[in-house]
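Here are my notes for anyone opening this one for the first time. Have a look at the model, then read on.

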Amino acid sequence: MESLPDVPKVVRLPDGTYAYTDHLPAALPQPYSGPQIVHQHVHQAPPDRTVQRIALGSGVGAGAVAAGVYFGPLLVGVLTAMAANLALLALLAAVCAWGVVTVVRSVGGEDGKRAAATVRRTRRR
């Protein structure tokens, strides 16, 4: 038993590192007493998921939330296309009405003047 060498102990230094007692530095490092430097990384905020959180919190399943996320933009696109089609049809109807009134006025004669006057009276009402 006496022939075994001494096993050095492991100690924790003030800076948090570990060292063997036979390899201790001559002067132990002193802890830094100055102001603490904090490295903060600022990132862009994550997308707002309020609707999904409310839906999941109210008991709606994840499939319904996924369907809303997927079909929501599709619904907006469909409604926009429908509005564009209706606007085009309204423009076409206005151009056709203007053309008919112009042709009726240019035909002349009593019938044309009476028809134009009738159209004017109906517009005022």
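The points below go from the overall layout to a few local details.

1. A word on the basis: this is a predicted model, where local features need pLDDT of at least 70, side-chain atom pairs count only at pLDDT 80 or more, and totals for chains, interfaces and linings use all residues. Residues are numbered from 1 along each chain as its sequence is written, and side-chain values use heavy atoms, with hydrogens and water left out.

2. The protein has 3 helices and 2 strands, in the order β-β-α-α-α along the sequence. Helices (H or I, at least four residues) and strands (E, at least two) are DSSP runs, numbered from the N terminus.

3. Of the 125 residues, 6% are buried; buried means under 20% relative accessible area, exposed over 50%, and partly exposed in between (1.4 Å probe, protein chains only). The protein exposes about 11,500 Å², with 65% of it from carbon and sulfur atoms. These areas come from the Shrake-Rupley method with a 1.4 Å probe, and for residues only the protein chains shown count as cover.

4. Take a look at helix α2 (residues 62-107), which holds Met82. Met82 is partly exposed because its relative accessible area is 47%.

5. Next, α2 against helix α3 (residues 109-124): their axes come within 7 Å and cross at roughly 145 degrees. Axes are lines fitted to C-alpha atoms, for helices over the stretch in contact, and angles run from 0 to 180 degrees between N-to-C directions.

6. Which residues of α2 meet α3? They are Val101, Val104, Arg105 and Val107, and their partners in α3 include Gly109, Ala115 and Arg123. Contact here means heavy atoms within 4.5 Å.

7. Ala115 sits in helix α3 and counts as partly exposed because its relative accessibility is 32%. Ala115 and Val104 are 11 residues apart in sequence, and their C-alpha atoms are 7.2 Å apart in space.
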